[in-house]
Amino acid sequence: MTGKERIQRTFKLEPTDSTPWVPFVGVHGASLIGVNATEYLHSADHIVDGITKAIEMYQPDGIPVLFDLQLEAELLGCKLNWADENPPAVISHPLSEHKTIEYLYVPEKQDGRMPVVLEATRRLRAKFPDIALYGLIAGPFTLALHLLGTDIFMKLFEEPEYVTKLFSFCGKVAKRMADYYIEAGCDVIAVVDPMTSQIDPVTFETFVSPPMTEIFRHIRDKGILSSFFVCGHAQQNIEVMCGCKPDNISIDENIPLDYVKEIALRHKISFGGNLQLTVVLLMGTPEDAAFNALDCIELGGDRGFILAPGCDLPMATPPENLIAVTKLAKDPYEQQIVKAMTRKSDSLKLLNMKDYGQSDKVIVDIITLDSESCAPCQYMVEAVKKIAPHFEGIVEWREHAIKQMAGVTFMASLMVKNIPTICIDGKISFVSQIPPKNELIAAIQKRINEKIKLKIQAKKGEFIIFCKDEDEIKIMKSRMNTAFLQTGKTVDTQYFTGYEKLSEYSIGQTPTVILKKYSIKSQGKVPSVDVISEWLKEV
Amino acid sequence: MYKLYNLMSKKIPFYLVTGFLGSGKTTLIKQFIENYADTKRIAVIQNEFAEVNIDSRELKKTGKSFELLEMNNGSVFCVCLLGNFVNSLAGFVGQHKPDVIILEASGLSDPISICQVISTSALSNLIWLAHTYTIVDALNFHKTIDRVGRNVHQIRVADTIVLNKCDLATNSLEHITSKLLVINPFAKIIETSFCNIKLLGEPVFHYPVSVTGVKNAESSEKPDVGSAVIKLLKPISFENLDQFIQKYSLITYRIKGYVSTTNGPVAVQTSFNQIEIKPVVGNTYHTEIVIIGHDINQSVLQKEFEYLCNQI
């Protein structure tokens, strides 16, 4: 299934082989090719290069050509404030400067930056036939705000006929822009109207619904898919947004995805969102991004859902965060891993690993999802199993499957982030890639040499533990085993109950733990009586 | 139980001034500047749509010395622009090292998103959210309150609501204040004109409760505190909310906000270990809580709250 097919099927609420992923790459594309936002938005070459790079890195199923809600405003006479790291901002409003609506005209293909945008669209269409291209247009309310300024909010109340007329004009602009993008090859037309999040449903139905419904009807008549993007606190308007009959609605982190799913699917409309833009994608880690993506996918379900950020990606969004989302969206195995790893958040009792790796043997821990059902994990375990006999007696290996809670705890305690991973004496040594045999042998040998160099003279010992009954033995065993796990050491331990044994050792109360330690006192020659006497003084 | 504060300030108090378009935000900030610029290094951040920031001209008319950061690249109302806000503010604070920061948020901005970003980004090491003022236009209240959801949101997050233009109001002020209290049962409401709260004997700068537990808005003490914002879309059971509040009210200075519970939305306010929880009417879709205290860890608090949400 191609990306375009995936998007098309999802819009029609048909099943797909994976959740479609649409990163909203606007000026973030500029950062991928090392230019600033202003240069990017003025050049078809830069836009094509930026989107090409984004497609290579993020493997999307769909992608917008551009994310610039000020394009139409500029064409209609608004002044823009350009910036290096953001899309431009509208800073003047023709209709608040004594111009009338009649002064405005619907933009032509050759006006302003339109040739740049349409050329970029055509070139991307030719280059990527299997990816759904989105053409984004400013919705009528947002465009009206650009043209009139914030006075529009009072005019809603004071001059409703004027506002209706203005929105009708903005609707015409939107339809024309849709025509241009469709002609250039876009598969989806997204009407982006963030300002609608500011108003209540009644105001929305009165002023926004008529032009918006007409826009979506126009797009539908052309045989093209449509989407209604909104960001901000727009929960109150989801129902009326669906009433405008788009094929899809897309929301940001301010609205619960399951809430939108319920309403959208009831209207037989697909839906998308809502990765957290700033706190996760911009400022978080790849792990955070993967967790957030998994959360969205689980809430969105397997029918009609498109994974996307809540809005235009900030320019400085770390690519590795988006790559983590891609990996999760495309790979069900990765979803299982991340799902297992989310359990560590619920378990706050990590093991104390500061003394791990001090035992005689070299401990090789393999952290897996589950080597029985996960192929890479199985190969990783096999790799270690094959070379372990080479170090017979010196190396001990263990698998920790994160499908069990103990495995999750161990993984988190060693701060392992990826699956599968090989740790040698608690140190992360091989991540995800199965190491070649000679590299694995060399890494283990290196650790053995380090241990010899440190001259770890293992103080041999033995625990003898006296308990009052089997229940007490059980508790003691649990504690002892945890300590062995944390230190990587295993010491012979005997457990006793019963009066006779307690008397033999003159034990007055239970539980009592005795540690018998053995240490080498001399080697190579027969010690003198005086030396032996000194030893006896230690007893 | 009170803690001794480290009197050497480490973080800068951040005041958010929000409110709908034309409500009088700039007028209030002018008062801050006129009354405190001689004794404190004040930094003002303004965020507007206009080509020329008219409000900044108004502030400069005070003739007082203050630092100004103008963010004219569109309203910081959209989360996609908050990253830029963080970088600009961090650089500005590093350069000017103010004693106090005041953000005049644009009339369309989402105040909680701003607070959340401050609490989770590198800014959380520099500043903490001290107080939120929401200016309400008594004259035009009836036009916008039912139509503009953002207006309601701004009222909900307020510590102090300045009900301005009372001299021009045509509707009964009692009607307005009772409506405000339905939206935000805990905010202090001051009725005034020209945002002149000083004339009413109110301190213009509201420093938080001091170490002795006595309100001392003119205190020179600057506690080393932090703030965190918990913002979640999942509801929590009332029992788990109570557990969280009981635990953290003992070790924080203040918790306030709105919580979506499985029994409906509630407003929460704690001041040290005094707790108030009240049901609220109207749509409250999300949990949005601001926590202020010593050694605040945003991530730990958010994760613990999320954990409790999952234990339904």
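## Burial of A:Ile366

A:Ile366 counts as buried because 23 C-beta neighbours lie inside 10 Å; the cut-off for buried is 20 or more other C-beta atoms within 10 Å of a residue's own, with C-beta atoms placed from the backbone. The model is predicted, so local features need pLDDT of at least 70 and side-chain atom pairs count only at pLDDT 80 or more, while totals for chains, interfaces and linings use all residues. Residues are numbered from 1 along each chain as its sequence is written, and chains are lettered from A and ligands numbered from 1 in the order in which they are written.

A:Ile366 is part of strand E10 of chain A, residues 362–368. Strands are DSSP runs of E with at least two residues, helices are runs of H or I with at least four, and both are numbered from the N terminus. Beyond its neighbours within four places in sequence, the contacts of A:Ile366 include A:Met380, A:Trp397 and A:Ile422 (contact: C-beta atoms, placed from the backbone, within 7 Å). Its C-alpha atom is 9.8 Å from that of A:Ile428, 62 residues apart along the chain.

## Chain A as a whole

Chain A has 22 helices and 16 strands. Of its 539 residues, 45% count as buried. Among contacts between residues at least 6 apart in sequence, 72% join residues at least 24 apart.

The C-alpha atoms of chain A fill a box of roughly 115 × 45 × 40 Å along the principal axes.

## Domains of chain B

An automatic or database domain assignment divides chain B into domain 1 (12–200) and domain 2 (226–310). Contacts link 13 residues of domain 1 with 18 residues of domain 2.

Methods: A residue is buried if 20 or more other C-beta atoms lie within 10 Å of its own, exposed if 12 or fewer, and partly exposed in between; C-beta atoms are placed from the backbone. Two residues are in contact if their C-beta atoms, placed from the backbone, lie within 7 Å.
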